[in-house]
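Student: Could we take a close look at a single part of this protein? I would like to follow one piece from end to end.

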Amino acid sequence: TGWLPTFLGFFVNGGVCYTLTELFRRLLTNYITDMSGIQVAATYEVPIVVVASAAAAFLGAGPVAPFEAVRIRTVAQPNFAPNLAGVVTRIVSEEGFLSLFDAVPAFLLKDVPFAIAKFTVFDISTARLYEAFPTAREDLRLSLLISLIGGTLGGITASVVSNPADVTISEMKKTKGGLNPLQAATIVLERSGPVGLLRGLGL
């Protein structure tokens, strides 16, 4: 059903994106602090998060693309090959190695907005909640609840923002068609109209 490439792909992508986001965030914060002081760095917290998450998502799009290509083909064509290795081998032999990466432009349109929305909304919402309930910083349960609320809001926002690119990628990779992102998006629009680019949000 595609669970293995999904797990591997998001394991790699999550490791890369979360690690690099935090790394870039600390580097940028330290740089601004050294240049202008900690108060100035604090006022640029949101732009720092935006830049850090965008850069991390940009670098993480490449590693996850092959796994997503395999997952989509496995789900769309269950008899394509008997196992994960067989799917990869057949795609490479019939379509070329680079076909595993031809959806990277669409992944950039998906993952960069997704990461920016997720981290930015999480940071802003949790900061506002801590301002409203300062005692939550000293209460583990309330702190976890605030993190849960922030994560939920960030996830919902990120899903809405990135869904059109997600639908486009699925259209590109479900068959051996050699579609580019623009062609795939056009097919979706012709078939279902603009609402087609939001398919799957209910899930």
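Which residues of helix 4 are buried?

Tutor: Happy to! Please keep in mind that this is a predicted model, where local features need pLDDT of at least 70, side-chain atom pairs count only at pLDDT 80 or more, and totals for chains, interfaces and linings use all residues. Residues are numbered from 1 along each chain as its sequence is written, and side-chain values use heavy atoms, leaving out hydrogens and water.

In helix 4, the buried residues are Gly86, Val87 and Ile91; buried means under 20% relative accessible area, exposed over 50%, and partly exposed in between (1.4 Å probe, protein chains only). Seen down the axis of helix 4, these buried residues fall within an arc of 130 degrees, so they line one face of the helix. That arc is taken from the directions from the helix axis to the C-beta atoms. An α-helix has 3.6 residues a turn, so residues three or four places apart point the same way.

What does the buried side meet? Its residues pack against helix 3 (45–76), with contact meaning heavy atoms within 4.5 Å. Turned away from the buried side, the other face carries the exposed residues Thr89 and Ser93.

Now the ends. Helices are DSSP runs (H or I, at least four residues), numbered from the N terminus, and helix 4 covers residues 84–95. After helix 4 comes Gly96, whose phi is positive, near 95 degrees.

Key:
Helix = DSSP H or I, 4+ residues; strand = E, 2+ residues; numbered from the N terminus. Expected span 1.5 Å × (residues − 1).
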